[in-house]
Amino acid sequence: MAGAHEQMEHAEHVEHIAGSNKKIALLISVIALFLAFSETLGKSAQTASIADNVEASNLWAFFQAKTIRMTSVRTAAEAASASLPAITDEAAQAALKKQIDTWQKTANRYDDEPETGEGRKQLAARAKAAEAKRDLATAKYHNFELASAAFQIAIVLASASIITGMSIMTVMGGVLMLIGVGFTAIGLVAPELPHDLMHMLQPAAEHGAAH
């Protein structure tokens, strides 16, 4: 009877372990699913960040080219205006005035051309908008990367708990999964929140250190 009782207890213990392992395996599957989402979102954000950075660089290069052209044309107009009093021939003077007017209009067009969006003012605004998009995409990428790291460590801990039988590892894996979900949500909804919080806390820390 004692042997049969021990066998029943052993069978119940094995069944309990098997049931527990199934739950851990399900947890690992859920974490792996979240990991796939965070990895995909992170890759997309990284690609967007690179594309926006290239766009911003191109727009600033275009802005610099327009600045050089505008400066050259305005310099020519100013030099011509300075030489006007020395010209006595009315026809030549009228022709030069016309050329000066053309240069000034061209310089103004280089500076501000809302029709095409390729004036210096428009290019600067577009470049800053591209930089803002780049910074937002980069912030998203960093949050998704942190989420992926949390999910990966969670999978390792949950897997180790099956081998070692240490339930604390399962708990830690679950906590890290929640942290990963949190970073994923932040990346989707408020990607710049961690940076803003750090920016807010930094003056307070510096103030405390000063005292």
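The paragraphs below walk through this predicted model, from its overall layout to a few of its contacts.

Let us begin with some ground rules. Residue numbers start from 1 along each chain as its sequence is written, and side-chain values use heavy atoms, with hydrogens and water left out. Because the model is predicted, local features need pLDDT of at least 70 and side-chain atom pairs count only at pLDDT 80 or more, while totals for chains, interfaces and linings use all residues.

Now for the overall layout. The protein chain has five helices and zero strands, and along the sequence its pattern reads α-α-α-α-α. Here helices (H or I, at least four residues) and strands (E, at least two) are DSSP runs, numbered from the N terminus. Of the chain's 211 residues, 27% count as buried. Buried means under 20% relative accessible area, exposed means over 50%, and partly exposed lies in between, with a 1.4 Å probe and protein chains only.

H3 has 45 residues and reaches 65 Å from its first C-alpha to its last, close to the 66 Å expected at 1.5 Å a residue. That expected span is 1.5 Å times one less than the number of residues. Just after H3, Gly165 takes a positive phi of about 75°.

The crossing of H3 and H4 is left-handed, meaning that the near helix is turned anticlockwise from the far one by less than a right angle.

The residues of this H3 and H4 contact divide into 18 nonpolar, eight polar and one charged. In that scheme Ala, Val, Leu, Ile, Met, Phe, Trp, Tyr, Cys and Pro are nonpolar, Asp, Glu, Lys and Arg are charged, and the others, Gly among them, are polar. The buried residues of H4 include Gly173, Gly174, Leu176 and Met177. In H3 you can find Ala150, which counts as buried at 7% relative accessibility. The C-alpha atoms of Ala150 and Phe183, 33 residues apart along the chain, are separated by 9.0 Å.

Next come the aromatic rings. Rings of Phe, Tyr and Trp (its six-membered ring) pair if their centres lie within 6.5 Å; planes under 30 degrees apart are stacked, over 60 edge-to-face and the rest tilted. By this rule the count comes to two aromatic pairs. Phe34 and Phe151 form a stacked pair, 5.8 Å centre to centre with 15° between the planes. This pair links distant parts of the chain, with Phe34 in helix H1 (residues 2-83) and Phe151 in helix H3, 117 residues apart. Phe34 is partly exposed at 29% relative accessible area, whereas Phe151 is buried at 0%.

The other pair, Trp60 and Phe63, is edge-to-face, at 5.3 Å centre to centre and 85° between the planes. Both residues lie in helix H1, three residues apart, about one turn of the helix. An α-helix has 3.6 residues a turn, so residues three or four places apart point the same way. Trp60 is partly exposed at 26%, while Phe63 counts as buried at 13%.
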